[in-house]
Structure formats: C-alpha cells, structure tokens
Amino acid sequence: MTTLLLVRHGLTDLTGPVLAGRTPGVHLSEAGRAQATALAGRVAGVRLDAIVSSPLERCRETAQAVAEGRELEVITDERFIECGYGDWTGRPLKELAKEPLWPVVQAHPSAVTFPGGESLAEMQHRAVAAVREWNRRLGEKAVYLVCSHGDVIKAIVADALGLHLDHFQRITADPAALTVIRYAPLRPFVHRINDMGGIEAFRGFGGERRGRKTSPGAMPPSAADPEPRKVRLCRSSTTTHRRGSSPVPWGGRARGSSSCRPGPRAD
C-alpha cells in the first residue's frame, strides 16, 4: 500500500484572522518555523520516497524543514495549491462571515464557487487526482509527504473516507498537523487525522531511515502521556480532545484553547 503523509503548513501571521488564500509572500511566522522544525523531528525516523509541496511559500518552507538532512529535494505541485478564493482572498474572516455565501460554504460546500475564484468541487478534484497520480508514480511500497493547505487536506481526507464533499467541514486540519492515509488497490485506509503525536505513531510505514536516530523531541507514548485520560469530542468537529493534555497526542486542541470553527481555513 502506498502511504501518504499529509501535512498542513505551519502558522503564519495571517493564520486565524485573515483568509490568506493564494496571497504571495506569506511566510511562516516564528511560531510556524518552530512548528515546522518540530514536525521534522516527529517524522525524522520515517523513510520518505518524496516530499511534495504546494507552491506557496508557507508550504515550501514547512516541507523544506522536513527535507533537511535527507537526500531529497522538495517538489512543488500546483495541484496542491490553496483553493482559489478569488475576491475573498486577503479579507478578514469576521467580514466574510457576513457574506450571503458563507452559510453555503458551511452547509453545502459542493455547491460553492468563490466569486472570481475556484469551486470547492474543482479544488477537491485536482487534489485527489494529484494524490492518485503520485501513488501510481511512486509505487505501492512508497511513503511520501505532501505539504498543503487546510481545505485541500480536508477535501482529500473526505475522499479517502468516502464522505461527500458537503461533509468535509467536519474534518480538522490544524497547522503542522499530520494525517496518514494508506492507499490499497480497493480502498484507502485513514490511519490518523490531524495528529500531533511523536514519531512512534508512524513506525512501520515504509520502514525507518537507516542510520538515523529518533529525534530527541520524539517521545514514546509512555512519556508523552503517562496515564490514560478521558476523551471528549467537540460537537462541531471530528477533532478529539484530551482533558488536561497539550499537545493532544492524536490531534485536536488542548483544553482551554479556542473552540473548533468550520469554514475556509484562515491560511
């Protein structure tokens, strides 16, 4: 089975308040660079056959952090670029939430074409087609990483889960989080979604890199989470939360963080 590690880029200064979209020149913030470094540590022991990225700077910078120390060049693929938000690009989310189209984006995204931009259905089609082509190109034993954007990742995951695009807002893709999908001849298998755990979570996917020790920042499950905790589910998302834990080993947000918010990811 071909194994895909899907990664959202790290934080930027616009992540959260503004829909950056395809705005050029949006780089990782200091926090985003730290996230990218931590991400590289989490997958340091995983053999990768390719590292692919959206052409936008924030993704290329995140992917480059993973590529450091490997004999791999980051390959850009336009099909993994952010959704074309058109006239919505660069506008504050608070302002966009007042647009008549906003509720449609939340409830019926398959019907949405952004003014002056791309439809969400077109975005999903190109991204899924790119994944399938990379799977064929690299082969069934390959493990590769793709760094992309929130809505693109959610659309790929929805396809892998067999969900209609109208349900993709139920999926979460946080900055620098990992999603793992294995593609078999008959169907994909989604192993992890929005994961912020250590490298041990990914052992066995294509084998470990030779001659590379586990990153000091990659803690075994016992160290990262010494005792079991209760799990509660955010009602507005499939994201899982652990009470009192940070970071949450299998993704999501720690207790006390902002609530889950669907809609176009403020990249």
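1. Contacts across the chain. Of the contacts in the protein with a separation of 6 or more, 69% join residues 24 or more positions apart. The model is a predicted one. Its secondary structure comes to 7 helices and 8 strands. Of the 267 residues, 52% are buried.

2. Main core. The largest nonpolar core holds 36 residues. Which members touch the most others? They are L6, F80, W88, F114, L120, Y144 and I156. In general, nonpolar side chains in soluble globular proteins tend to be buried together.

3. Several elements each give at least two residues. Among them are the strands β1 (2-8), β2 (50-53), β4 (143-148) and β5 (178-183). The helices α3 (93-96), α4 (102-107), α5 (120-138) and α6 (150-161) also belong on that list. The most comes from α6, with 7 residues.

4. L6 in detail. Leave out residues up to four places away in sequence, and L6 touches V146, I153, I156, V157, A177, L178, T179 and I181. One of these, I156, is itself among the core members that touch the most others.

5. Second core. A separate core has 17 residues. Its members include L5, C59, V143 and V180. C59 is also one of the buried residues of α2.

6. Helix α2. Is this helix mostly covered or mostly uncovered? Mostly covered: 8 of its 11 residues are buried. The buried set is E57, R58, C59, T62, A63, A65, V66 and A67. These residues pack against β1, α1, β2, β3 (74-76) and β4. Just after the helix, G69 takes a positive phi of about 85°.

7. The α1/α2 pair. Two packed helices are described by the angle and the distance between their axes. Here the axes of α1 (residues 30-42) and α2 (residues 57-67) come within 8 Å and cross at roughly 40°. The two helices are therefore oblique to each other. Angles under 35 degrees would count as roughly parallel. The crossing is right-handed.

8. Residues at that crossing. From α1, the contact uses A36, T37, L39 and A40. From α2, it uses T62, A65 and V66. By class, there are 5 nonpolar, 2 polar and no charged residues.

Terms used. Residues are numbered from 1 along each chain as its sequence is written. This is a predicted model: local features need pLDDT of at least 70, side-chain atom pairs count only at pLDDT 80 or more; totals for chains, interfaces and linings use all residues. Side-chain values use heavy atoms; hydrogens and water are left out. Axes are lines fitted to C-alpha atoms, for helices over the stretch in contact, and angles run from 0 to 180 degrees between N-to-C directions. Helices (H or I, at least four residues) and strands (E, at least two) are DSSP runs, numbered from the N terminus. Angles under 35 degrees count as roughly parallel, over 145 as roughly antiparallel, 65 to 115 as roughly perpendicular and the rest as oblique. A crossing is left-handed if the near helix is turned anticlockwise from the far one by less than a right angle, and right-handed if clockwise. Contact means heavy atoms within 4.5 Å. Ala, Val, Leu, Ile, Met, Phe, Trp, Tyr, Cys and Pro count as nonpolar, Asp, Glu, Lys and Arg as charged, and the others, Gly among them, as polar. A nonpolar core is a set of buried Ala, Val, Leu, Ile, Met, Phe, Trp, Tyr and Cys residues joined through side-chain atoms within 4.5 Å. Buried means under 20% relative accessible area, exposed over 50%, partly exposed in between (1.4 Å probe, protein chains only).
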